[in-house]
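Take a look at the structure below. We will walk through it piece by piece, starting with a pair of helices.

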Amino acid sequence: MRGSLLRKNILTALLLAPATLWLVVFLVLPFIAIAIFSVGERAPEGGYQAALTFAQYANLPARATAFWNTMVLAPVGALACLFVAYPVAYYLALRAPQRWRLILLALIVIPFWTSLLMRTYAWMYILGGRGIPALLAYVGIEDLRLINTPGAVLLGIVYGYLPLMILPIYVSLERLDRRLLEASADLGATPLSTFIGVTLRLSLPGVMTGFSLVMILLLGEYLIPTLLGGGKVFFIGNALVDLFLQSRNWPFGSAIAITLVLVSVVVLIVANRISTRLSGARRVDLI
Amino acid sequence: MSKSYRDGLPISPEKFVDQLMRLKRGSIGRREFLGLTGLGVATAVMARELGIMPAPAFAAESLGDRMSIATWPNYHDPQTFENFKAETGVAVEVNVFGSNEEMLAKLQAGGSGWSLFVPTNYTISTYKKLGIIEALDMAKLGNFDGSQEDARFTAEGTIDGTIYAVPKNWGTTGFAVNTKKLAKPMSSWKEFWDTAMAEGDGRAMVHDYQLTTIGNALKYYGYSFNSLKQDELAKAEELLLKVKPHLFAVSSDYQPGMRAGDAWMTMCWTNDGAQLHRDIPEIAYVLGKEGGEIWTDFYAIPKDAPNKPAGYALLNYLMNPKVAVKEHLANGAPSTDARVNALLPKEVLDNPILYPAADLLKPLEFGAAATLTDPGRAELMARFKSA
C-alpha cells in the first residue's frame with residue numbers, strides 16, 4: 001500500500017520534472033533577475049548597477065500614457081477579435097459540413113506556421129501606397145492612405161490573433177449538446193433566445209479563454225502598432241523595447257515589466273472569476 | 001566515382017546559406033527589421049549550429065579555421081569574406097545587428113564570440129571606459145596608413161593618443177525629399193520641420209532614435225546637435241510635440257514608406273539616401289545648412305575575442321585599399337581613406353549624396369557618447385513618442 005503510493009509519487013515527480021525544470025530555468029529565474037534589476041539603478045553608461053531603491057517604481061507615472069494606451073488597446077483589440085471570431089467558430093462547429101470541417105480548421109491554423117512578424121510585414125506592403133491604394137486608384141479612388149492609421153493597427157491585430165480566439169470558442173461550441181438546442185426549440189424558444197440562452201451561454205468558457213489569451217498577448221504587443229501604425233502611438237511594449245535596447249535603462253524597464261506581469265495576473269484572475277460565474281459556477285480552466 | 005551524401009541533394013549547404021543571406025539582404029532586410037527580430041543573430045547561430053557553415057579547405061595553423069564578426073546589414077561585399085577564406089582558410093561568420101546598443105549589451109554580457117566588430121563613433125569611448133575593447137596592435141595592421149586617412153574621421157577612434165578603432169566608412173544624416181510631391185527646394189532643418197507641419201502634413205517621417213530626432217530638432221533653433229542644456233532641450237521638445245500629430249511615422253525603417261509614395265520626406269542616413277535616389281531619381285537627399293550629424297563606423301577588436309589573430313588578419317585584409325574599394329562599391333558609403341578614394345570611379349566621387357560639398361560638411365557634428373547615454377534625452381524621446 002505505502003509502496004504503491006511512493007511509486008505513484010515518484011512517477012508524478014518524474015512526469016512533472018521536465019516542465020518544472022523548464023519553468024524554473026526560463027520563467028522563475030529570469031523573473032527573479034528582473035525583480036532584482038527593478039530595485040537597482042541605471043549605471044552611468046547604461047545597464048544595471050546594484051542598489052536597493054524603489055525609485056524605478058516611483059518613476060512609473062513617466063510611462064502612464066503607455067500604460068493607458070495599452071489598457072485601451074488590449075480589450076478593444078480582443079473585442080474586435082471576438083466579434084470576427086465568434087461567427088466563424090459558430091459556423092465551423094455547428095453549420096459547416098462534417099467533411100469540410102477539418103480542411104477549414106487547417107486553413108485557420110496554417111498561417112500560424114509563418115512568423116507573425118513576416119505576416120505583419122506583408123500587411124505593411126499590402127496596405128502601403130503600392131498595394132491596395134494603387135489598386136483602388138485604378139477604379140478612381142485616389143490618394144487613399146491606409147498604412148499608419150488606427151484602422152491598419154486594428155486590422156493587423158485581428159488578423160494576427162484571430163486563430164487564438166476562434167479555436168477555444170470552436171472547441172466549446174463543438175462540445176455543445178445538440179439535444180439542448182432541440183429541447184429549447186421544443187419548449188417554444190425563438191432561435192434568437194435559444195442562441196442567447198443556450199448556445200452563447202454554454203460557449204462562454206471558450207469566449208473567456210480566447211478573450212484572455214488575446215488580451216494578455218496584446219498587453220505586451222508592440223510590433224503591430226510599430227509596423228502598421230508608424231510607431232506614433234506608444235505602448236508598454238514599445239516602452240520596454242526602448243528602455244532595454246535604446247536607452248539601456250534596465251532597472252526602469254524591469255520595474256515596468258514587473259508591473260505589466262502583475263497587471264496580466266490580475267486580468268487572468270478577473271477573467272477566470274467572470275467565466276466561472278457566467279457558466280454556472282462550474283470551475284473552468286483557462287487553457 | 002566517389003559517392004557523397006551531398007550527391008543528389010536538392011540544394012548544397014553553401015547554396016542554402018547563400019540563398020538565406022540573399023533573402024536577408026532583400027528589400028526588408030534593414031537595420032530596423034533585424035533590430036526588431038534579432039533575426040540576424042538567429043540565422044548566424046543556426047548556420048553554425050546546423051553545421052552548414054562551409055568548412056574551410058585547409059586550416060592555417062595560427063589563424064584557426066573560423067572567426068565571427070558583428071556588423072550592420074548590407075554593409076559588406078559578401079565576396080570579400082569568400083576571398084579572405086580562400087586566402088587564409090578562415091571562414092567568417094557574419095552577425096548582423098540592429099543597433100549599437102544591442103552590440104554593447106551583447107559585449108557587456110561577455111562571450112559574444114566576436115573577433116572583430118563595427119561600432120559607430122560615439123560608442124568607442126564607452127567601450128574603452130568599460131574595458132571591452134583593447135588598444136589596436138598597429139604592427140599587425142600593415143595595410144592601415146594613418147597618413148592617408150582624413151584626421152576628422154580617425155580622431156573618433158583615438159583616445160589619449162592610443163588607437164582603439166580604425167575607420168570603415170563615414171556618412172551623414174540629412175533628409176530625403178520626394179521632389180515630385182514637395183517641389184519647393186529645401187536646404188535646412190528649419191524647412192524640414194516647417195514643411196512637416198504644412199505641405200508635408202501626414203507625410204513626414206523622423207527616426208525612432210533620440211540622437212538624430214532630438215539633435216535635428218535642436219538644429220531648428222541653431223543649437224548644437226549634442227546639446228544637453230535644459231532650456232535648449234525644452235525648446236526642442238516643444239517643437240517635437242507640435243510636429244508629432246502631423247507626422248506620417250516615427251520609424252527608422254523609412255525606405256518602404258518613401259518607395260511606396262506614402263511618405264514624402266524623411267530623416268535619412270547617407271546609404272539610404274543614395275539607394276533611394278538611385279532607384280527613384282526624384283527623391284533628393286538634403287543636408288541641413290544649420291548642420292546636423294556626421295558619423296563614422298569603425299572596426300574594433302573586443303578584449304575577449306576568441307580568435308584575435310584572425311580578427312587582426314581580417315582587419316588588415318579589409319584595410320587593403322584594393323579590398324576596401326569593393327566594399328565601398330557594395331555598400332555605397334563614402335570612404336575615409338585617400339588611397340581608396342583614388343580607386344573609386346568618378347561617378348561615385350562626384351555623387352553629392354556620398355561626397356557632399358565641403359561647406360555643407362563643415363557645420364556637421366559627430367554624435368557624442370554623452371548625448372547617446374543621457375537619461376534626460378531618453379525621457380524626452382519617450383514623452384515625444386507617447387504624445
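This is a predicted model. Start in chain A, with helices H11 and H12. H11(A) passes H12(A) in a left-handed crossing. Which residues make the contact? On the H11(A) side they are Ile236(A), Ala239(A), Leu240(A), Leu243(A) and Phe244(A). H12(A) answers with Trp250(A), Phe252(A), Gly253(A), Ile256(A), Ala257(A) and Leu260(A). By class, 10 residues of this contact are nonpolar, one is polar and none is charged.

Now for the geometry. Two packed helices are described by the angle between their axes and by the distance between those axes. H11(A) covers residues 236–246, and H12(A) covers residues 250–278. Their axes lie 8 Å apart, at an angle of about 155 degrees. An angle over 145 degrees counts as roughly antiparallel. H11(A) and H12(A) are therefore roughly antiparallel to each other.

Step back to the whole of chain A. It has 12 helices and zero strands. The C-alpha trace spans about 80 × 75 × 30 Å along its principal axes. Of the 287 residues in chain A, 33% are buried. Next, consider contacts in chain A with a separation of 6 or more: 72% of them join residues 24 or more positions apart.

Chain A also touches chain B. How many residues of chain A are in contact with chain B? There are 29, and they meet 28 residues of chain B. Helix H3 (64–95), helix H5 (116–127) and H11 of chain A each supply at least two residues of the touching side. The largest share, five residues, comes from H11(A).

Finish in chain B, at helix H14, residues 321–331. Which of its residues are buried? They are Ala324(B), Val325(B) and His328(B). Look down the axis of H14(B). The buried residues fall within an arc of 105 degrees, so they line one face of the helix. What do these buried residues pack against? Their partners in chain B are strand S6 (166–178), helix H13 (308–318) and helix H15 (338–343). After H14(B) comes Gly332(B). The phi of Gly332(B) is positive, near 75 degrees.

Key: Residues are numbered from 1 along each chain as its sequence is written. Chains are lettered from A and ligands numbered from 1 in the order in which they are written. This is a predicted model: local features need pLDDT of at least 70, side-chain atom pairs count only at pLDDT 80 or more; totals for chains, interfaces and linings use all residues. Axes are lines fitted to C-alpha atoms, for helices over the stretch in contact, and angles run from 0 to 180 degrees between N-to-C directions. Helices (H or I, at least four residues) and strands (E, at least two) are DSSP runs, numbered from the N terminus. Angles under 35 degrees count as roughly parallel, over 145 as roughly antiparallel, 65 to 115 as roughly perpendicular and the rest as oblique. A crossing is left-handed if the near helix is turned anticlockwise from the far one by less than a right angle, and right-handed if clockwise. Two residues are in contact if their C-beta atoms, placed from the backbone, lie within 7 Å. Ala, Val, Leu, Ile, Met, Phe, Trp, Tyr, Cys and Pro count as nonpolar, Asp, Glu, Lys and Arg as charged, and the others, Gly among them, as polar. A residue is buried if 20 or more other C-beta atoms lie within 10 Å of its own, exposed if 12 or fewer, and partly exposed in between; C-beta atoms are placed from the backbone. The arc is that of the directions from the helix axis to the C-beta atoms.
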